[in-house]
Amino acid sequence: MSRLEIYSPEGLRLDGRRWNELRRFESSINTHPDAADGSSYLEQGNNKIITLVTGPQEPRLRSQASFSHASVSVNLNITKFSRMERSKASHRNERRVLEMQTALVRTFEKNVMLHLYPRTSIDIQVHVLQQDGGLMSSLINGITLALIDAGIAMYDYISSVSVGLYDTTPLLDMNSLEENAMSSVTLAVVGKSEKLSLLLVEDKIPLDRFESVLAIGIAGAHRVRELMDKELRRHGQKRLANASK
Amino acid sequence: MAKDIEISVSQGRFLIETLKQKVRLDGRRFDQMRDVDIELGKDRGDVMVTMGKTRVHCRISCEIAQPYEDRPFEGLFVISTETSPMAGPQFENGNNTGEDEVLCSRIIEKAVRRSGALDVEGLCIVAGSKCWAVRADVHFLNCDGGFIDASCIAVMTGLLHFKKPDVTVSGERVTVHPPEEREPVPLGVLHTPICVTFSFFNPEDTEENIKGESNNEISLIDATLSEELLRDGTLTITLNKNREVVQVSKAGGLPMDALTLMDCCHKAYNIVERLTDQVQRVIKEDEQTRNQYAAILSSENARES
Amino acid sequence: MADLTDFEAKFQVLTQVDGSARFESFGTSVLCSVTGPIEPKARQELPTQLALEIVVRPSKGVPTTREKLLEDKLRGVLTPVLVRYLYPRQLCQICFQILESGENEQFHSVRELSSCINAAFLALADAGVGLQNCFASCCAAVISNADQDVLINPSAEQLRNASSTHVLAFDSENGREPDSHLLLLESSGDFEEETLNKILDAGEKACLQTVQRLRQALKTKVEQDLVWRT
């Protein structure tokens, strides 16, 4: 392990952020208008993610159709060149990827108004072009944006962020260097509430610090929601201007 | 799962209705775990865990293997969780790509292996060429909910109970001593993670859950199979006695208030404390019965008589 | 000397299957579950008879060719004793979980195989699947001394020193001699024809004795099940 100073005594992180600052968050929607019903491109720090949503459409297999609600499927494509070192094998059938797909499906199943689209399927394709820590949270944000672009009814935004705990200091929205050096929590919040739709902890964290980490995560997720909301409104206004011309 | 087993609509409604009236079908409180019965076999590392009707068998074994090239000082540790139709008709033989199977094996993997519960450096024999490869084979025998919790207890008890043969190393030559020749040595277990699974139910409509302030969602500890089939969300918390959160997995499902989730953590800690004590007690008792025979058979005893 | 055909049987150990039994004898312990007759998948279906899905899972490690071979041998024993034309286009899943092997798995599988056969009989009876006859199995080892002694249900230690090992299974209605048939004879190692005849004699005797004991175990179980009738 290299001797990196994860958090300097002056309170600065590796990339110059303070503990409670998010990474650069840039998003755009309707990036692939001809390829899918809804699409988004998200850059969260160095994470670069394309999300495509097709649906509600007729299910490919008759057996997938449910008479009472739509079925959601997520197909996660982590490209081989997404990390610093090119990976040799495809990630497609890794158990880690299968787990992430399941978690994503289960997160959005409860937030999309599936009962409005019976006998249909909503297929979500995610392409990870580049990853640099906090992948799961970027995936969730990307999917939220793409679903909104597709015009699929949802109850609220789902915004997500990862938080680390360095000694006793929580660090918001970690990059991969930070992620490798400490334990991380990924959480996804519904709208402006404090309700967690997803909560994943993969390494050890003292139970007594957990609550403060969650609090910072929720605040961070709310900030992400605002950023997404701003971009959506900007896009909406642009379209409205074009339409009225 | 191979075939989705379903619960009839009337049975499901009845169960939700009883939950609204704060009653569980087996008479437990919402935050009460089923009694855990841990049974140790004759061989070391042979554990049967029974929780209500749920039954999981775990077998620890070891052999000498070559370590990974990039980690010459570490031994190998594999946990295998494969299902067979024995546990119930919903499981298919050798098919472990179902959503629940993947989540279950990943959570156990994170709880035990990734958290460093087993000291893999202690498994090294000759750096770079020989090490112990420890396997934990989890056999799901009967499914009535709570597979994750039961398997985690089974694997941890197994690791604490197991002993590997003693070895002596002289240069590149490794001698493995059979148990009759030298007392086998226990594995280095660094902490005992225990999983507690919560199941969430939403007695009201979705709007209330997402927009409302009431937080009326029901959370149950250690659901049975029929409760598992009806639940809207699940949370598995893994903790150890040192007040460390080892792993938390709430992979989607019903959105829950953060404070409720914290409350779940604290409830889980009490259970973890109790179960860790139970595991240690069982191991200790077993050790005593084994030593009892050793005392009878030892030559020291013979001299006295 | 302890009676080597002795065993301990437990019924209905599992709740999610139609029939189950745990068979334990001298360090070997096998759990068997039976689900059926159920609807088969299209590729398993047989137009005129009951299809069998047999799964053997080892206590240590993942199933290998060794377990596949055991599955095949078990299929050979179970197919003729099941009343399979009674259940056309249906499937019976029989799973075996070895809990304790009781022998060195690398070299032997005789104890596991014979225990599996006995466990299958109990579990099939528990599930209420139609059987043509009762059946039982035992294993044998020949010690490499001048007399070529035959040991029935040998221990792991005795197997290690054996010149040949054998598994036998016989069917019999009630454990009396004249009506029994040989269902399985699996031998490996070096032995004479004469020794084989000796093994068949000793094995038949042991199997018939086991049939009687298995029937007794079943009888006790049925009596307990129907305790409400008296």
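Author: An axis here is a line fitted to C-alpha atoms, for helices over the stretch in contact, and angles run from 0 to 180 degrees between N-to-C directions. Helices (H or I, at least four residues) and strands (E, at least two) are DSSP runs, numbered from the N terminus. This is a predicted model, in which local features need pLDDT of at least 70 and side-chain atom pairs count only at pLDDT 80 or more, whereas totals for chains, interfaces and linings use all residues. Residues are numbered from 1 along each chain as its sequence is written, while chains are lettered from A and ligands numbered from 1 in the order in which they are written.

Reader: At what angle do α2(C) and α4(C) pack?

Author: Helix α2 of chain C and helix α4 (residues 193-225) of chain C pack with their axes 11 Å apart. On the side of α2(C) the contact (C-beta atoms, placed from the backbone, within 7 Å) is made by N118(C), F121(C), L122(C) and A125(C), and on the side of α4(C) by T210(C), L214(C), A217(C) and L218(C). The angle between the two helices is about 35°.

Reader: Which two chains share the most contacts?

Author: Chains A and C can be set aside, since no contact joins them and their closest C-alpha atoms lie 16 Å apart. Two pairs of chains are in contact, and the pair that shares the most contacts is chains A and B.

Reader: Which element gives the largest share of the side of chain A that touches chain B?

Author: The contact between these chains takes 31 residues from chain A and 32 residues from chain B. The elements of chain A that give two or more residues to its side are α1 (95-109), β9 (195-201), β10 (205-206) and α4 (207-244). The largest share, nine residues, comes from α1(A).

Reader: What is the bridge partner of L199(A) in β14(B)?

Author: β9(A) and strand β14 (residues 244-250) of chain B run antiparallel and are joined by three bridges; strands count as paired if DSSP finds at least two bridges between them. Within β14(B), the partner of L199(A) is K250(B).

Reader: Which strand gives the most to the side of chain B that touches chain C?

Author: Here the contact takes 23 residues from chain B and 18 residues from chain C. On the side of chain B, the elements that give two or more residues are β3 (54-65) and β6 (130-142). With five residues, the strand that gives the most is β6(B).

Reader: Why does β6(B) count as largely enclosed, and how many of its residues are buried?

Author: β6(B) has several partners, for it pairs with β3(B) in the antiparallel sense over eleven bridges, and seven bridges join it to β4(B), with which it runs parallel. Two further bridges join β6(B) to strand β5 (residues 124-126) of chain B, again antiparallel. β6(B) is largely enclosed by the rest of the structure because, of its 13 residues, the number buried is ten.

Reader: Is L183(C) buried or exposed?

Author: L183(C) is found in strand β9 (residues 181-189) of chain C. Leaving aside neighbours within four places in sequence, L183(C) is in contact with residues including V77(C), V81(C), F135(C) and F170(C). Because there are 21 C-beta neighbours inside 10 Å, L183(C) counts as buried.

Technical notes:
Buried ≥ 20, exposed ≤ 12 C-beta atoms within 10 Å, placed from the backbone.
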